[in-house]
Amino acid sequence: METAIFTANNVWMMICTGLVFFMHLGFSFLEIGLTRQKNTINILFKNLFIICAGLLMYYIGGFNLMYPGFGENSTGIIKFAGFGLTIPENGLSITYANGGYTYYTDFLFQGMFAATAATIVSGAVAERIKIGGFMIFTIIYVGLIYPIVGSWKWGGGFLDTLGFYDFAGSTLVHSVGGWAALVAVYLLGPRIGKFDENKNPKPIPGHNLPLAAAGVLILWLGWFGFNGGSVLSAEPGATSLVLVTTSLAAAAGGISCFLFSTLRYKNYDITMFLNGILGGLVGITAGADQMSPNDAVIIGILAGIIIVFGVSLVDRLKLDDPVGAIAVHLICGIWGTLAVGIFGKMAGIAQFIIQMEGIAIIAIFCLSTSYFILYIIKRTSGLRVSEKEEMEGLDQHEHGMNAYPDFRSNEH
Amino acid sequence: METAIFTANNVWMMICTGLVFFMHLGFSFLEIGLTRQKNTINILFKNLFIICAGLLMYYIGGFNLMYPGFGENSTGIIKFAGFGLTIPENGLSITYANGGYTYYTDFLFQGMFAATAATIVSGAVAERIKIGGFMIFTIIYVGLIYPIVGSWKWGGGFLDTLGFYDFAGSTLVHSVGGWAALVAVYLLGPRIGKFDENKNPKPIPGHNLPLAAAGVLILWLGWFGFNGGSVLSAEPGATSLVLVTTSLAAAAGGISCFLFSTLRYKNYDITMFLNGILGGLVGITAGADQMSPNDAVIIGILAGIIIVFGVSLVDRLKLDDPVGAIAVHLICGIWGTLAVGIFGKMAGIAQFIIQMEGIAIIAIFCLSTSYFILYIIKRTSGLRVSEKEEMEGLDQHEHGMNAYPDFRSNEH
Amino acid sequence: METAIFTANNVWMMICTGLVFFMHLGFSFLEIGLTRQKNTINILFKNLFIICAGLLMYYIGGFNLMYPGFGENSTGIIKFAGFGLTIPENGLSITYANGGYTYYTDFLFQGMFAATAATIVSGAVAERIKIGGFMIFTIIYVGLIYPIVGSWKWGGGFLDTLGFYDFAGSTLVHSVGGWAALVAVYLLGPRIGKFDENKNPKPIPGHNLPLAAAGVLILWLGWFGFNGGSVLSAEPGATSLVLVTTSLAAAAGGISCFLFSTLRYKNYDITMFLNGILGGLVGITAGADQMSPNDAVIIGILAGIIIVFGVSLVDRLKLDDPVGAIAVHLICGIWGTLAVGIFGKMAGIAQFIIQMEGIAIIAIFCLSTSYFILYIIKRTSGLRVSEKEEMEGLDQHEHGMNAYPDFRSNEH
């Protein structure tokens with residue numbers, strides 16, 4: 001490949017890597033913004049752990065588990081290419097076999113991706129999970145489960161051979177995180193006070209909505225890298241189309257979700273606007289390179305409406321998901337994956353069925369593995385903090401700290 | 001055009017698009033930081049609406065209204081190229097006729113720009129405008145007024161033929177927003193408590209200066225894309241000169257504004273430092289590609305001094321502009337546009353007069369159209385919230401929420 | 001050089017420039033987060049001053065002092081190439097002699113770097129230094145001391161001839177700032193209340209840990225530009241290796257620091273996690289291009305452990321460093337510089353000795369010059385605020401403002 005193009009591709013992929021890394025700040029802000037002050041340090045700690053431990057686990061084995069080199073038309077299910085990064089033989093500049101960028105860029109981009117799957121779970125289990133148990137779960141899920149699922153499609157495994165399509169991870173990242181979030185929320189139970197004696201849900205407001213809004217804007221920017229980098233080159237037509245479909249779906253998701261929820265609840269609810277944007281982003285992710293701009297707007301509008309129903313469904317199932325992760329990442333992840341069979345260049349009944357098969361297979365695998373991991377943790381070290389700790393806050397008990405220790409208001 | 005250069009240009013333009021998008025977080029932080037806590041959700045909501053609805057309006061018609069394809073040496077005033085994005089015929093990678101990047105990149109970069117015009121207004125009208133009316137205004141201003149003005153210069157219309165120069169939008173973006181801000185502030189009237197019984201202005205402090213400062217640093221970074229992307233390619237000499245002039249003007253504006261205001265008011269006032277940086281950025285925008293680094297420093301220094309007088313002038317006119325948008329965007333926008341005729345490669349009395357003509361024509365158009373739109377809204381749905389709502393905060397009344405619902409200080 | 005490669009290189013270097021600029025927001029958030037609310041405006045003000053005045057000083061003379069054009073195999077110690085930027089003769093696009101990017105990009109990238117040295121000092125002296133004195137110090141240190149030291153290695157001076165290696169500034173940036181921080185902390189003395197009557201250190205908690213955590217994530221992202229841009233081109237192999245070593249060292253530093261401090265203090269201390277990440281980043285900086293990924297992990301792990309001992313050492317020396325700048329930037333800066341002689345491609349006893357020599361020479365120069373500057377300031381305008389001012393907060397006294405003037409908690 002020509003040097004100049006290779007350099008430009010690699011620059012783009014490195015930028016996208018930085019943007020996906022930056023999403024971890026977005027997730028952190030969103031999570032702490034939508035939860036109570038007394039658990040803020042705990043959430044930040046978990047998010048720092050996810051990005052650091054996630055990257056190290058992906059380095060140690062995850063990358064080689066996810067891209068094992070299955071053969072053409074493989075029905076490969078599992079294979080492991082070894083520990084650590086193999087330093088390319090003929091110097092550092094070696095072209096990665098499958099793309100117009102280096103082996104190191106490939107690892108780092110994929111590593112930043114991997115850590116996001118655990119972050120999705122983090123939001124759903126916030127304010128009541130034991131930090132030790134969560135850390136064990138993160139290590140296994142990022143180091144083992146996520147790469148195995150990824151290898152089936154992006155590593156050239158059996159789902160790829162089947163024809164399953166997931167451009168940037170509506171299923172492979174968002175639903176993989178979302179299924180585990182569902183299991184974790186079920187095993188943990190709701191936070192104290194989330195449901196009243198009649199089992200009706202009560203809102204537990206977060207403590208810093210400006211940070212939550214900032215988190216969503218940062219995530220939108222990060223998605224430029226998440227989807228834009230999934231082109232795996234800087235090919236101008238494909239990358240720029242992907243940024244357009246991504247942004248239009250986000251905008252449409254935000255507007256439709258806020259309009260629909262305003263009609264329903266007579267209230268300009270900013271958390272609905274925020275989750276609508278995220279829903280649009282997750283929804284477009286599976287087919288961002290296959291859709292026309294008009295398709296993207298429609299997918300975003302529907303994602304926004306799905307969010308309103310999804311949040312309400314989670315409540316009705318008596319599940320407690322403080323940040324709406326199940327509606328955003330799981331339900332809109334499914335929606336986006338199905339949308340590949342409904343809209344755009346791949347639309348068709350055959351493709352739709354394949355998309356459903358892929359979703360189902362991954363659902364079964366993620367539900368069972370995350371249930372197994374979390375159940376073991378629950379039965380051994382325990383999954384949930386004590387009632388006293390939950391009431392007084394995890395920051396005080398697990399960290400001996402306060403998020404705003406010297407903060408004073410100006411009322412006196 | 002050679003593929004590798006085209007790819008590099010397109011990568012740069014996509015990055016700049018991301019940076020201009022990121023400015024919306026900068027504007028949000030600046031606005032909420034400089035206003036009271038009780039209106040924080042409302043401001044965030046408006047800013048989310050601006051970026052989402054602005055992008056959709058620009059998609060539906062704004063882009064085709066702004067770049068209608070006026071002929072060479074046109075005296076075109078208005079033309080409309082149709083609804084939605086035209087999918088390029090020969091595949092996604094097609095080169096956009098006028099630049100070294102794709103059609104999709106062009107749309108998204110310009111769309112992110114368009115939304116900033118409404119954001120400027122948002123800051124000036126904060127804490128008292130009805131959200132419904134503001135949303136209607138945003139839709140019309142971003143979807144119709146901004147693209148028409150833009151078409152006159154950037155779309156190849158009559159101001160372009162006239163020789164008017166505005167590199168990245170001191171007038172076409174900042175003053176277009178600034179004139180509407182002036183009209184809106186006039187029609188709305190000052191916030192309760194802004195002027196005492198003797199009509200003397202009283203400061204109404206904001207609630208979160210760290211976020212305001214963060215907003216300005218984010219805006220400075222965003223300006224790398226705003227001005228750097230206005231080169232419309234990655235041409236190394238032009239882009240890097242633009243980043244240098246932009247950053248030097250920002251630095252000089254900040255220093256001169258804080259020094260001058262400290263001399264005048266005997267106080268290291270951080271809001272002056274912040275607005276000085278922004279004034280320098282707006283001031284360099286019209287001629288960022290025409291100036292030497294020395295010119296940029298002088299333009300920045302003068303912008304900083306203009307801010308001190310501008311903020312004081314707005315007060316003396318009994319106008320209430322909570323974030324200083326009129327001084328920053330309108331007055332420094334005019335200053336920057338005139339500076340093209342005073343400094344740099346285009347300096348000259350003839351150019352200076354043309355710059356004045358452009359400013360005047362756009363002023364008349366923006367003042368009259370924004371007055372018309374806002375007056376209609378005022379007479380129909382109403383522009384200003386009730387006194388009770390203003391006193392108790394827009395968050396409570398329009399959104400039924402609080403920005404920091406669970407926030408507790410540590411005094412007890 | 002071929003145009004397309006040159007363009008791609010220049011794009012990468014401009015992005016890295018933006019990322020290094022963005023580090024100033026990271027430093028600001030970290031500093032205000034770890035200090036008390038009453039000094040927040042003061043710290044933000046200092047940080048705005050550093051970036052603005054630093055850039056202007058570097059423009060006026062620093063750049064030409066740092067890159068004076070020493071001859072090949074020079075033993076040059078000081079030389080000055082003139083004031084301001086020399087506008088390249090043959091048009092704007094001229095290639096900078098030594099690299100694949102423009103002269104303007106070179107200036108701006110290096111200018112953003114220069115300002116970070118003063119920022120390191122800012123954190124250590126927080127909450128008690130007079131702003132006037134700090135501004136004078138910043139001007140001299142960024143305009144004079146930093147460029148002289150830089151010229152010895154990066155400007156082709158005698159340390160370069162000696163064979164001293166410092167890829168991106170573990171010593172040339174971080175220790176240069178760190179030595180001055182050490183002197184300043186010594187001359188200033190500890191904050192009131194930092195040590196009890198028995199000289200035992202007492203923690204003085206900061207006021208906003210979410211912002212501190214955000215600062216560290218922003219700094220990590222900024223380091224993509226700090227280290228990635230230090231390749232001085234977009235050469236794919238070198239840049240992508242550097243991003244991998246940088247990120248792995250950060251991740252390993254964070255994990256090892258938190259694990260080690262948890263073992264020692266039985267507490268999941270988030271500030272240790274944060275400083276461990278920073279320690280890993282500073283530690284890899286000198287040899288980010290010379291290390292294998294495995295080396296990077298080891299360097300990071302050791303940096304994390306060094307932080308735990310370093311923070312405790314600073315306490316035992318009765319020094320008061322509110323943000324841990326000495327442990328992070330000075331001690332890990334030394335560690336990273338020595339690591340070049342221990343790990344990676346340059347490892348060897350001869351190199352190790354040269355690294356020690358370089359560290360020692362720069363230590364002597366920075367300690368003596370910063371002592372001289374700060375001592376003069378102390379004897380003339382004074383270095384430390386009055387006891388009353390320190391107790392009541394610098395915001396009130398130097399700025400007449402409050403960082404959160406309208407902030408109200410929701411307890412009542």
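Author: In general, two copies of a chain are related by a rotation about an axis and a shift along it. This is a predicted model, where local features need pLDDT of at least 70, side-chain atom pairs count only at pLDDT 80 or more, and totals for chains, interfaces and linings use all residues. Residues are numbered from 1 along each chain as its sequence is written, with chains lettered from A and ligands numbered from 1 in the order in which they are written.

Reader: What rotation superposes chain C on chain A?

Author: A rotation of 120°, with 0.0 Å of shift along its axis and an RMSD of 0.0 Å. That's the relation of a three-fold axis. The copies use different surfaces, as 17% of the contact residues of chain C recur in chain A.

Reader: How many residues of chain C are in contact with chain A?

Author: Two residues are in contact if their C-beta atoms, placed from the backbone, lie within 7 Å. Here, 52 residues of chain C contact 55 of chain A. α8(C) gives the most to that side, 14 residues; helices are DSSP runs (H or I, at least four residues), numbered from the N terminus.

Reader: And which element of chain C gives the most to the side that touches chain B?

Author: There, 55 residues of chain C meet 52 of chain B, and α1(C) gives the most, with 17 residues.

How values were computed
Helix = DSSP H or I, 4+ residues; strand = E, 2+ residues; numbered from the N terminus. Least-squares fit on C-alpha atoms with pLDDT ≥ 70 in both.
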